[in-house]
Amino acid sequence: MATIETEALVLRTYNFGEADKIVVVLTHAAGVVRGVANGCRKLKSRFGAALEPFTLIKLTWYEKENKELVSLRQAEIIKSHFDLLSQAETLTGLAYMGDLVIEFSPPHEANDNLFRMVKACLEAVDQAPADIQLVLRYFEIWLLKLQGYLPDIRRCGECHQEFSDTSGIFLNLDLVLRCRRCGQGQGSAVSRKVQIQLRATQKVAPQVFVQASHEVSETVRRDLGAFTQQLIGRVLEKQPRLRSTFQSSAVS
Ligand SMILES: [Zn+2]
């Protein structure tokens, strides 16, 4: 039986038994981990307070061989985001973020870049809750990229020519971006302004992206959202395991 101590973000919790919780966390050391926190729902439990969704914690657990659920032992708050949970739009946005992390990440697989990206996005929401939609677009693009689902946004997937500033590019059902010639008018067009937004996410931290996006029109924001939704929808369709768990967690 091994004891593991690592930084973690609480993504989701479910009540379990009389006084326990099942907690899903994104950990630095081991990726997405599910664990039981015994007694954490008792009144004035510091353990329970640390296990509120979207809290950044120092977490200790015991791991037993061949057990999917680990046993959570200790949790200390590094940063609480409790104040964010009182606003409905923020809460919905964060829950969506947590669900997508859970659905796109194989359990017990450490991913340093993913952990840092999610932590930075949470920090960006904390700094500017009103801009949560912009943070979510940044988050979606990076989640797709880190899990290998973001198509090349610089070159045509067919002829490998770099996309020029004037040519339209097209996203097809196979999740490949093509130039106008290779695309032959198939798929949905990705506007120049959306391309600029996409590239911007690759260069800067979420807070900087949010600041820089304040000048961007509603239409471009909506088109960028449609682009990420199309990609996420297709990925979930191609991966039935992802889709079934995503749908069940989205409605619960
Ligand atoms: Zn091409």
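This dialogue walks through a few features of the predicted model above.

User: What should I know before I start reading?

Analyst: Residues are numbered from 1 along each chain as its sequence is written. The model is predicted, and local features need pLDDT of at least 70, side-chain atom pairs count only at pLDDT 80 or more, while totals for chains, interfaces and linings use all residues.

User: Which strands pair with S1?

Analyst: Helices (H or I, at least four residues) and strands (E, at least two) are DSSP runs, numbered from the N terminus, and two strands pair if DSSP finds at least two bridges between them. Here S1 (residues 2-16) pairs in the antiparallel sense with S4 (residues 56-63) over eight bridges, with Leu9 standing opposite Leu56. Eight bridges also join S1 to S2 (residues 20-27), again antiparallel; Phe16 has Asp20 in S2 as its bridge partner. In the hairpin of S1 and S2, three residues lie between the strands, and Gly17 takes a positive phi near 65°.

User: How many residues does helix H2 have, and how far does it reach?

Analyst: The expected span of a helix is 1.5 Å times one less than its number of residues. Helix H2 (residues 88-104) has 17 residues and reaches 24 Å from its first C-alpha to its last, close to the 24 Å expected.

User: Is Ala205 buried, exposed or partly exposed, and why?

Analyst: A residue is buried if 20 or more other C-beta atoms, placed from the backbone, lie within 10 Å of its own, exposed if 12 or fewer, and partly exposed in between. Ala205, in the loop between helix H6 (192-203) and helix H7 (206-212), is partly exposed because 16 other C-beta atoms lie within 10 Å.
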